[in-house]
Amino acid sequence: QQQQQQQSRERRAVVVEQPTDPLEYPLTNTDNVESVLACFERRQELEPGYDLNPVCNKGKCSGSDGGFTVWSTNNLDNLPEAQRNGFPNAEWTDVAEQSDFVQSKFADEVNGQVQLHEFVHCHWSPDGGTSLWIRLCQHQAQRQYLRNTPYEEVCGTKQIGKDTTLTAPGSGPLVTRCDCTRRCPDNNECQLDSCLALAQQHVKCNNCGRDCNRCHGRGDRRNWTWEERILCIETLQAEEDAAAAN
């Protein structure tokens, strides 16, 4: 049994790098990771006493009013096959296409012209302490978004939306829509309050629940202004709060 444990450590050591920043990626190759726990178990075996919870309420966005990460690629083959269909979950806005920030992070020069990457993935949390979890665990370890997929983690909910300072002030948003994780260590689980926070920044939440989808709507509702969508969400939120109080 001791020999098997030693072989296991040696095998795992092959795919683990020792980062200079302990909050950075613990893995260089996540092909064999079945869950985020496996990711940290590997570090624990190699580094006894390593904190298994470095990603909740840690990282550069801890203490911020939210944070988000954007990934992009022109080639979905860079991703594991099981993740390719789900990767595109957002679109660049016209404002993003003119943003020096976006062009410097998520674009290539083609024939002398800057072209933004075609496929975009966005994931946000209203809790800044969850931002690192989203990037490191939910995507890097669980979904195996490897380093050949450019990304940028940004602190502050407003930076994703109409109030961003990453473009000309007040000219956002950067993306049309985004996924949401409420709080680590649980993935997703966002509700109307998160839907409202994104809507106030003129960004649609992809996974904040059926009522959120109702207010973004289909047919006529699809053409609603952001003010109409926000009012709809606020109304549903008030009804939900009143029902909970009773």
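**Note on the disulfides**

1. The torsion about the S-S bond of Cys 195 and Cys 212 is about 80 degrees, so this disulfide is right-handed. Its two sulfur atoms lie 2.2 Å apart. The model is a predicted one.

2. Where does this pair sit in the fold? Cys 195 belongs to helix H6. Cys 212 belongs to helix H7, residues 210-216. The link connects distant parts of the chain, 17 residues apart.

3. Are Cys 195 and Cys 212 buried or exposed? Cys 195 has 0% relative accessibility and counts as buried. Cys 212 is buried as well, with a relative accessible area of 0%. Buried here means under 20% relative accessible area, so Cys 212 at 0% falls under that cut-off.

4. How many disulfides does the whole structure hold? A search finds 6.

5. Next, Cys 180 and Cys 190. A disulfide joins them, with S to S at 1.9 Å. The torsion about the S-S bond is -70 degrees, and the link of Cys 180 and Cys 190 is left-handed. Cys 180 lies in strand E6, residues 177-180, and Cys 190 in the loop between E6 and helix H6 (192-199), so the pair ties together parts that are 10 residues apart in sequence.

6. Accessibility for this pair: Cys 180 is at 0% and counts as buried. Cys 190 is at 6% and also counts as buried. The cut-off for buried is under 20%, so Cys 190 at 6% qualifies.

7. Then Cys 61 and Cys 155. They form a disulfide with their sulfur atoms 2.0 Å apart. The value about the S-S bond is -90 degrees, and the link of Cys 61 and Cys 155 is left-handed. This pair links distant parts of the chain, 94 residues apart. Cys 61 is in the loop between helix H2 (36-46) and strand E1 (67-73). Cys 155 is in strand E5, residues 151-155.

8. Why does Cys 155 count as partly exposed? Its relative accessibility is 23%. Partly exposed lies between the buried limit, under 20%, and the exposed limit, over 50%, so Cys 155 at 23% takes that label.

Key. Residues are numbered from 1 along each chain as its sequence is written. This is a predicted model: local features need pLDDT of at least 70, side-chain atom pairs count only at pLDDT 80 or more; totals for chains, interfaces and linings use all residues. Side-chain values use heavy atoms; hydrogens and water are left out. A disulfide is a pair of cysteine sulfur atoms within 2.5 Å. Helices (H or I, at least four residues) and strands (E, at least two) are DSSP runs, numbered from the N terminus. Buried means under 20% relative accessible area, exposed over 50%, partly exposed in between (1.4 Å probe, protein chains only).
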